[in-house]
Amino acid sequence: MKPILQVNNVVKKYGDKTALNNISLDIPQGSVFGLLGPNGAGKTSLIRIINQITFPDSGEILLDGEKLSPHHVKHIGYMPEERGLYKSMKVGEQALYLAQLKGISKDEAKKQLKYWFDKLEIGDWWNKKIQELSKGMAQKIQFVVTVLHQPKLLIFDEPFSGFDPVNANIIKDEILELKQKGSTIIFSTHRMESVEEMCDEIALIHKSDKLLDGSLVDIKKQFRSNTFDLGINALNPNQLKDFLKAKYQIEDTFFKSLDNELKLSVKLNDRSANELLNDVLPFGQVTHFSEKIPSINDIFIQTVTNN
Amino acid sequence: MGVLSLIIKREFISKVRNKSFIVMTFVSPIIFVAVAALIGYLSSMKTEVKHIGIHDESGMFVNEFKNSESYKYHDVSKIDPKLLKDSVSQANYEGVLFIPKKDNLKDYEKAIEYVSEDSPSLGFIADTESKLSEKLLRKNLNNQGIDTVLLDKSQIDVTMHLTKASGEETVKGVNEIKIGVGAIFGYLIMMFIIIYGNMVMRSVIEEKTSRIIEIIISSIKPIQLMMGKIIGTTLAGILQFVIWAIVGVILLVVANLLLGLNTSSPTTEMISKAPEYNQLLSNVTIIFMEIKKLPLLSMAVYFLIYFIGGYFLYSSLYAAIGAAVDNETDTQQFMFPVIMPLMLGVYIGFFTVMNEPHGTVATIFSMIPFTSPIVMLMRIPFGVPFYEIALSIALLFATFIAIVWVAAKIYRVGILMYGKKPTWKELIKWLKY
């Protein structure tokens, strides 16, 4: 897929502290891109550069192949991690104002606002002030403000922090729907389960360096260890273990199951999964056989601690 | 609609709709008029009459003291001084003047004593001393054989007529009018800068603490937000001043009608002193003529130019301060250096320009951009060469651009900095980001 956003060798320093060290990324059109990394890794710095809030010391960023320039702000929607709205301004006026700052006309903004307010069933909030709304309600407004101008590229920095599970789910569904409609989404988060669920592509930044990037599937393949979880009701467990030890690396393991069977994790080394199956079948009833797929959480922790 | 005008509009509307703005706008003229009326009332009240005892052993001075509205003098020369001192402490008299008998008039220099519970006012002391000295002088002259009545008759009071080289006649007090007009303009600028500069600062802090700032500057440039904020707040301020002027005039007219404080119509007392009154009238006319003769149009234009330059200069500083801190209490350390040149400008204006409008100090401070809006406006009514004004304006606007640039840099970095109180050193470091 053609990248909608290309980050080329971006360097950003604050004084003598380096925030981004020669970062390059391609964000494919129509993908949900997860930008991962521990606190202080440089995620927000990169996001701010993409939003033209700050500027890189060197390197460039291309949106649709064009060097980033002020007129691109209308194609980008940004929901920062630290977010808020004018407390004493009415919801409707505020949303219209922010949309107009993005460069769309008042009429168009009104039309879009009506669509979103109907969709999220918050139409009667129009004349309320933000300070009269609950935190969760304000967050919904915040989301509407981010997507109101129908940007091609949406950037969410920790989008689910502060949302209760119900609202978080509503927002998640809306984000996926926007993706269906063709928007590209950049996600910055610590919540790995939402990364597993939503992201097609990820990049991991740690201490201002990019450690890995690519499609979620490719990265998982890269981190697969050819290890299988095996559950078997063996007649003679010890004999089976001794037999397997000769050909494979085995460890006791735990997974949820209904029987009290022998549970092993077996590393195949260079052998195939079928060979392992053939080897164990004579020893008893196989109840469980699955590849151990590394979770993003594991990959994240493994990569960060290795560096 | 351009982005800048959108921001200006929002800032203007949010300021004007604010309850404290509405209250300030309509309540402060009422307070102002009420205070003015109160001061007028208090100063028109009769002061308490003070009783002064005079114990004059020489009998020479006691007749020199004539009762006035505020002082009544009593001859207590026959009473024992010791007893008198006691009665002072019992507050029968405000104070008692003790004059001993001396043969040599020179000996009176240090011999007269005034005893009182409370310290006497400076005016009373000066008045009493001059009465005593006058009497002694006359006595001395008489002793030398000089006729003091003749001396009084020969006394001639001279009042100079002041005429400019161009031939126009002026009155004494015209300088006061000029400084008055200049001072009003200068003072207005200072007040406006402090009040609305603070408003700009608070509005920046509000955006920072509500965390909307990051969303806004992902759409527009920080300098656009800063300028929009300053201009929008200015417009709200100008609206407030216009309303104050209108409400103030209306209230003064109403107050005049209600209290009957009609100052312009001649009273019977004035008519009884017809010649003096005519003199006064002609002076008033000349004063009005003088005000009319001031280059009012060009002064208004200069006021506007200096107002814009000075206000933008300072409010960008205020915006930068607002951006650098997290909350209003942290602003203190940065406020002093901003307020100080303003205060300095006003003091220089009042004390130096008044005495020597074209002196070195006044000239220098009317060039320095941080004080020039105030000092130069005070100098202009006295006639300042055009090249000086041009230089001062050029300096002001050059500095204004430089300061806006610096402030915008601090602003750009500061609005995204949270959590720590910045130091001056850090602010300078931000300029390099």
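Predicted model: local features only at pLDDT ≥ 70, side-chain atom pairs only at ≥ 80, totals over all residues.
**Entry 1: α11 against α14, chain B.** On the α11(B) side I listed B:Y302, B:F303, B:Y306, B:F307, B:G309 and B:G310, and on the α14(B) side B:P373, B:M376 and B:L377, as the residues that make the contact. Sorted by class, the residues of this contact of α11(B) with α14(B) come to 7 nonpolar and 2 polar, with no charged residue among them.

**Entry 2: α12 against α14, chain B.** I then turned to helix α12 (residues 332–355) of chain B, which packs with α14(B) at an angle of about 25°, the two axes being 8 Å apart. Since angles under 35 degrees count as roughly parallel, I record α12(B) and α14(B) as roughly parallel to each other. Their crossing is right-handed. From α12(B), the residues B:G345, B:V346, B:I348, B:G349 and B:V353 meet B:I374, B:V375, B:M378 and B:R379 of α14(B). The contact of α12(B) with α14(B) holds 6 nonpolar, 2 polar and 1 charged residues.

Entry 3: In the unreviewed UniProt entry I found the feature "transmembrane region" placed on chain B at residues 21–42, 179–200, 238–261, 294–314, 334–354, 361–380 and 386–408. I checked two of these spans in the model: residues 179–200 of chain B are 100% helix and 0% strand, with their end C-alpha atoms 31 Å apart, and residues 334–354 of chain B are likewise 100% helix and 0% strand, with end C-alpha atoms that lie 31 Å apart.

Entry 4: For chain A, the unreviewed UniProt entry lists "domain: ABC transporter" at residues 5–232. In the model this span of chain A is 34% helix and 30% strand, and its end C-alpha atoms lie 49 Å apart. The domain assignment of chain A gives domain 1 as 3–87 + 146–221 and domain 2 as 225–291. Taken over C-alpha atoms, the centres of domain 1 and domain 2 of chain A are separated by 42 Å.

**Entry 5: where the chains touch.** Lastly I looked at the contact between the chains, to which chain B gives 16 residues and chain A gives 19 residues. On the side of chain B that touches chain A, the elements giving two or more residues are α1 (3–17) and α7 (213–217) of chain B. By class, I count that side of chain B as 8 nonpolar, 4 polar and 4 charged residues.

Key
Residues numbered from 1 in each chain as written. Chains lettered and ligands numbered in written order. Contact = placed C-beta atoms within 7 Å. Helix = DSSP H or I, 4+ residues; strand = E, 2+ residues; numbered from the N terminus. Nonpolar A, V, L, I, M, F, W, Y, C, P; charged D, E, K, R; others polar. UniProt positions renumbered as here; feature names shortened; annotations may be inferred. Domains from an automatic or database assignment. Axes fitted to C-alpha atoms, helices over the stretch in contact; angles between N-to-C directions. Parallel < 35°, antiparallel > 145°, perpendicular 65-115°, else oblique. Left-handed = near helix turned anticlockwise from the far one by under 90°.
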